[in-house]
Amino acid sequence: MVVIVRPDVPQEKIDHLVRWLKDKQLVVREYQGQQQTVLGLIGDTKPVDIDMLKSLDIVESVADMTDTFKASNRKIHPDDTVIRIGPGKGPAIGGGNFALIAGPCSVESREQILFVAGEVKAAGANFLRGGAFKPRTSPYDFQGLGSEGIDLLVQAREATGLPIVTELMDHRSLELFLEKEVDIIQVGARNTQNYDLLKELGKVKSAILLKRGLAGTIKELLMSAEYIMANGNENVILCERGIRTYEYAYTRNTLDLSAVPVLKALTHLPVVVDPSHGTGRADLVPSMSLAAVAAGADGIIVEVHNDPQKALSDGAQSLTPGAFRDLALKIGKIREALQ
């Protein structure tokens, strides 16, 4: 249920209404917009007398909300959420703040990550991605450097100032991520419906980059975000990274760019696009990145490697630093054209 409060109502009256609603065993999410205050009621609303609620002089309107996702719903939070990373004037995602996230699929060595970090920053990236723990289909493939990879990402952050984005595979590693102050914790496609992990991430305040599952629907992605938010962490960034369809000969996955405007209409959370995993082909990454920007994405996350042919993972979908530099320039032009 959504309650719209009339403009210019004193805060003490709103607080009194919120206390009354909480006494009905409801979770109340209060959103203070520029024009109005919105109260989202989560839980069993049967004990609430709707007619009485509508008759209150401070209430403008009351509407039922049948959507199963609540905290992430734009009906409760009409304005875009802006997630700021780090103190002060650190980069932000959402609400007109575009995130350009780039770096290697896997952290392979100190020299590699420092070189790529410097290159992507010079090209305009404002976040560094890199895998330390790697989920691989084959147990014989490179699994990442683990905690050493996290340390190398931290060194790259210290050298460039770029906040770091890396994937958490298991809740047992969460303490390490918090200790190293990983700026954005990524939940990969294989863990999108690992609800125990999502609940644990709901207990921290770190920003979470939540990827869509391999065959996940838009609603399932939103419900996964709900698990994190319902447990207290509202710093969630959604990521469209392609879904598995019957096409396998020419693309790794099918990048669903229609999900971007659909999600932007349904939720206030930022939405970024991963064209690297979405296509699996470096030659398709630039065009799909530009299309994502035009579709309204709040950012892109792309893989960049100093020598893709020798990459230990996903070299076929990785851009060279030069190709990324060209892409970043084109993204700037597209964004200017859309303003």
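Let's start with the surface. The protein chain exposes about 15,500 Å². Carbon and sulfur atoms supply 50% of that area. Keep in mind that this is a predicted model.

Now the inside. Of the 339 residues of the protein chain, 52% count as buried.

Next, overall form. The C-alpha atoms fill a box of roughly 70 × 45 × 45 Å, taken along the principal axes. What radius of gyration does the protein chain have? The value is 21 Å. A compact globule with 339 residues would have one near 20 Å, so the chain agrees with that expectation.

The protein chain holds eleven helices and 14 strands. Then there are the contacts. Take those between residues at least 6 apart in sequence: 68% of them join residues at least 24 apart.

On to charge. The protein chain carries 38 positive and 43 negative charges. Their mean positions are 2 Å apart.

Side chains of opposite charge can pair when their charged atoms come close. How many salt bridges does a search of the whole structure find? The search finds 16. Let me walk you through a few.

Start with K75 and D67. They form a salt bridge, and the closest N and O atoms are 3.2 Å apart. K75 has 44% relative accessibility, so K75 counts as partly exposed.

Second, E119 and R325. Here the closest N and O atoms of the salt bridge are 4.0 Å apart. Where do the two residues sit? E119 lies in helix α3, residues 110-123. R325 lies in helix α11, residues 321-338. The pair therefore ties together parts that are 206 residues apart in sequence. E119 is partly exposed, because its relative accessibility is 27%. R325 is partly exposed too, with a relative accessible area of 40%.

Third, R157 and D183. This salt bridge has its closest N and O atoms 2.9 Å apart. The pair links distant parts of the chain, 26 residues apart. R157 is in helix α4, residues 147-160. D183 is in the loop between α5 (174-179) and β10 (184-187).

Are these two residues buried or exposed? The cut-off for buried is under 20% relative accessible area. R157 is at 15% relative accessibility, so R157 counts as buried. D183 has a relative accessible area of 19%, so D183 is buried as well.

Terms used:
Residues are numbered from 1 along each chain as its sequence is written. This is a predicted model: local features need pLDDT of at least 70, side-chain atom pairs count only at pLDDT 80 or more; totals for chains, interfaces and linings use all residues. Side-chain values use heavy atoms; hydrogens and water are left out. Helices (H or I, at least four residues) and strands (E, at least two) are DSSP runs, numbered from the N terminus. The radius of gyration is taken over C-alpha atoms; the globule rule is 2.2 Å times the number of residues to the power 0.38. Buried means under 20% relative accessible area, exposed over 50%, partly exposed in between (1.4 Å probe, protein chains only). Contact means heavy atoms within 4.5 Å. Accessible areas come from the Shrake-Rupley method with a 1.4 Å probe; for residues, only the protein chains shown count as cover. Lys and Arg count as positive and Asp and Glu as negative; His and the chain ends are not counted. The place of a charge is taken as NZ of Lys, CZ of Arg, CG of Asp or CD of Glu. A salt bridge is a side-chain nitrogen of Lys or Arg within 4 Å of a carboxyl oxygen of Asp or Glu.
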